[in-house]
Amino acid sequence: MHNDECRIIDEAGYTVSSGILKTGYKVQYYKYSMVFDEAIVIVKADTTCDGIVNGKDLIRAKKMMLGTMDYGWIEAGDFDGDCAISDSDLSILTDVIANH
């Protein structure tokens with residue numbers, strides 16, 4: 001490994017070298033063969049973490065808003081930055097899906 005390197009890691013812990021970037025992936029920065037820093041990827045509107053923005057994301061966002069689903073990345077459906085999914089976020093998500 002070089003002195004500095006970035007890797008994208010999927011939910012199973014494997015290095016990703018091609019394909020679709022998905023919510024929940026990690027970007028790891030290596031320095032001298034050790035993880036020096038790490039960040040979680042949040043793809044806006046990808047609440048299902050599959051890398052595809054469609055009606056399934058809206059359904060999951062609604063369930064997250066209603067509290068019937070407590071797992072997932074709220075940040076992917078939180079468009080106004082208030083750390084929660086609200087009606088206004090669902091409206092924006094609906095527009096994103098319609099124009100995608």
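Contact, as the term is used in this report, means heavy atoms within 4.5 Å. This is a predicted model, in which local features need pLDDT of at least 70 and side-chain atom pairs count only at pLDDT 80 or more, while totals for chains, interfaces and linings use all residues. Residues are numbered from 1 along each chain as its sequence is written, and side-chain values use heavy atoms, with hydrogens and water left out.

**Asp57**

Leaving aside neighbours within four places in sequence, Asp57 is in contact with Ala45, Asp46, Thr47, Thr48, Ile52 and Leu93. Asp57 belongs to helix H1, residues 55–66; helices (H or I, at least four residues) and strands (E, at least two) are DSSP runs, numbered from the N terminus. Is Asp57 buried or exposed? Asp57 is buried, where buried means under 20% relative accessible area, exposed over 50%, and partly exposed in between (1.4 Å probe, protein chains only).

**Overall architecture**

The protein contains three helices and four strands, which follow the pattern β-β-β-β-α-α-α along the sequence. The C-alpha trace spans about 45 × 25 × 20 Å along its principal axes. Of the 100 residues, 26% count as buried.

The four strands form an open sheet in the order S2-S1-S3-S4, with antiparallel pairing; two strands pair if DSSP finds at least two bridges between them. The edge strands, each pairing on one side only, are S2 (15–16) and S4 (34–40). Strand S1 (residues 4–9) is joined to S2 by two bridges, and Ile9 stands opposite Thr15 in S2.

**Aromatic rings**

The structure holds one aromatic pair. Tyr29 and Phe36 form this pair, with 5.8 Å centre to centre and 80 degrees between the planes, an edge-to-face arrangement. Rings of Phe, Tyr and Trp (its six-membered ring) pair if their centres lie within 6.5 Å; planes under 30 degrees apart count as stacked, over 60 as edge-to-face and the rest as tilted. Tyr29 is partly exposed, because its relative accessible area is 24%, and Phe36 is exposed, because its value is 56%.

Charged ends also sit over rings, as tabulated below; the criterion is NZ of Lys or CZ of Arg within 6 Å of the ring centre and within 35 degrees of the ring normal.

| Charged residue | Ring | Distance from ring centre |
|---|---|---|
| Arg7 | Tyr30 | 4.4 Å |
| Lys44 | Phe79 | 5.7 Å |

Notes: Lys and Arg count as positive and Asp and Glu as negative; His and the chain ends are not counted. A salt bridge is a side-chain nitrogen of Lys or Arg within 4 Å of a carboxyl oxygen of Asp or Glu.
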